[in-house]
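Keep the structure open as you read.

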Amino acid sequence: MMVSYCTCERFALRDILSWARAHDTTDLTLVCESLKVGRRCGMCCVFIEYALATGQPDVPYPCPPIPPVAEPAAAGR
Ligand code: FES
């Protein structure tokens, strides 16, 4: 099963990602407050956070751990 929506607000993760890209942010709190998602039951927040971290609009249920951010390559090596 995949999670693709904040079901309480009927707001697609795909649309949330589009908004986040347009506003150059991956900040969960900013996204949720701006779009009014994740504020009722809150169960979608972990999926929105995963989507923001990975860019995937369809997130497996249960939500997998967020992959660690790759370290930038050391300069001059
Ligand atoms: S599923 Fe998003 S607030 Fe309930």
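In this predicted model, Ile 66 counts as exposed because 12 other C-beta atoms lie within 10 Å, and a residue with 12 or fewer falls in that class. You will find Ile 66 in the segment after β4 (59-60). Setting aside neighbours within four places in sequence, Ile 66 is in contact with Glu 49, Tyr 50 and Ala 53. Glu 33 is another matter: Ile 66 and Glu 33 are 33 residues apart in sequence, and their C-alpha atoms are 21 Å apart in space.

Now to the helices. Helix α3 covers residues 45-54, and its axis comes within 10 Å of the axes of α2 and α1. Here are the two pairs:

| Pair | Axis approach | Crossing angle | Handedness |
|---|---|---|---|
| α1 (residues 13-22) and α3 | within 10 Å | roughly 50° | right-handed |
| α2 (residues 28-35) and α3 | within 10 Å | roughly 115° | right-handed |

Which residues make the contact of α2 with α3? On the α2 side they are Leu 28, Val 31 and Cys 32, and α3 brings Cys 45, Ile 48, Glu 49 and Leu 52. By class, that contact has 6 nonpolar residues, no polar ones and 1 charged.

The axes of α1 and α3 cross at roughly 50°, which means that α1 is oblique to α3. In this pair, Leu 13, Ile 16, Leu 17 and Ala 20 of α1 meet Phe 47, Ile 48, Ala 51 and Leu 52 of α3. The contact of α1 with α3 divides into 8 nonpolar, no polar and no charged residues.

Key:
Residues are numbered from 1 along each chain as its sequence is written. This is a predicted model: local features need pLDDT of at least 70, side-chain atom pairs count only at pLDDT 80 or more; totals for chains, interfaces and linings use all residues. Axes are lines fitted to C-alpha atoms, for helices over the stretch in contact, and angles run from 0 to 180 degrees between N-to-C directions. Helices (H or I, at least four residues) and strands (E, at least two) are DSSP runs, numbered from the N terminus. A crossing is left-handed if the near helix is turned anticlockwise from the far one by less than a right angle, and right-handed if clockwise. Two residues are in contact if their C-beta atoms, placed from the backbone, lie within 7 Å. Ala, Val, Leu, Ile, Met, Phe, Trp, Tyr, Cys and Pro count as nonpolar, Asp, Glu, Lys and Arg as charged, and the others, Gly among them, as polar. A residue is buried if 20 or more other C-beta atoms lie within 10 Å of its own, exposed if 12 or fewer, and partly exposed in between; C-beta atoms are placed from the backbone. Angles under 35 degrees count as roughly parallel, over 145 as roughly antiparallel, 65 to 115 as roughly perpendicular and the rest as oblique.
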